[in-house]
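Biologist: I've got a model open and I'd like to learn how to read its features. Can you walk me through it?

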Amino acid sequence: MRFQTPLILASALAAGSVAFAAERASDDDKYEIREIGEPQSCIMRSNIRSTDVIDDQTIDFKMRNGDIYRNNLPNKCSGLGFEEAFSYKTSTNRLCNVDIIHVLSQTGGRLDTRGACGLGKFQKIEKIPKEESAD
């Protein structure tokens, strides 16, 4: 189930954000994932266009310029892959590997948090459709 934009705007805080996955996690297996450069500790929040929750331990942050940063959480985050929605709060315009996300679930028309999970480093990736990646 996808959440509507007004619900996102009503739930977002000035120093935080609510993220809802744009695609189904099963789409990820259609791609070869190539890492680009070294992992980064932080990304700029204002540059995040959307997120794609891959599973309980993986989130892709799609940036306004087209870059994708994959965050492999150090531990599984129960319910993240199922709910495909999370929130976070920061005191700066940066989302970092020391920040915590909260899995969101919709129950009876209300948003509830299901747990807290730490982020990992942000690895810039390129997704190449598997049919194009064959040599």
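Biologist: Let's start with C117: is it buried or exposed?

Modeller: Keep in mind that this is a predicted model. Buried means under 20% relative accessible area. C117 has 11%, so it counts as buried.

Biologist: Which residue does C117 form a disulfide with?

Modeller: Look for two cysteine sulfur atoms within 2.5 Å. Here C117 pairs with C77, and their sulfur atoms sit 1.9 Å apart. C77 lies in the loop between β6 and α2, while C117 is in strand β10, so the bond ties together parts that are 40 residues apart in sequence. C77 is buried too, at 0%. The torsion about this S-S bond is 85°, and the link is right-handed.

Biologist: How many disulfides are there?

Modeller: Two. C42 and C96 form a disulfide as well, with sulfur atoms 1.9 Å apart. C42 belongs to strand β3 and C96 to strand β8, so this pair joins parts that are 54 residues apart in sequence. Its torsion is about 110°, so it is right-handed. Number the bonded cysteines in sequence order and you get the pairing 1-3, 2-4.

Biologist: Now the largest nonpolar core: which residues touch the most other members?

Modeller: Think of buried nonpolar residues joined through side-chain atoms. This core has 18 residues, and those touching the most other members include F61, L80 and F86. Strand β5 gives the largest share, three residues.

Biologist: What does L80 touch?

Modeller: Leaving out residues up to four places away in sequence, its contacts include V53, I59, L73, F86 and I101, plus D55 and D56.

Notes: Residues are numbered from 1 along each chain as its sequence is written. This is a predicted model: local features need pLDDT of at least 70, side-chain atom pairs count only at pLDDT 80 or more; totals for chains, interfaces and linings use all residues. Side-chain values use heavy atoms; hydrogens and water are left out. A nonpolar core is a set of buried Ala, Val, Leu, Ile, Met, Phe, Trp, Tyr and Cys residues joined through side-chain atoms within 4.5 Å. Buried means under 20% relative accessible area, exposed over 50%, partly exposed in between (1.4 Å probe, protein chains only). Helices (H or I, at least four residues) and strands (E, at least two) are DSSP runs, numbered from the N terminus. Contact means heavy atoms within 4.5 Å.
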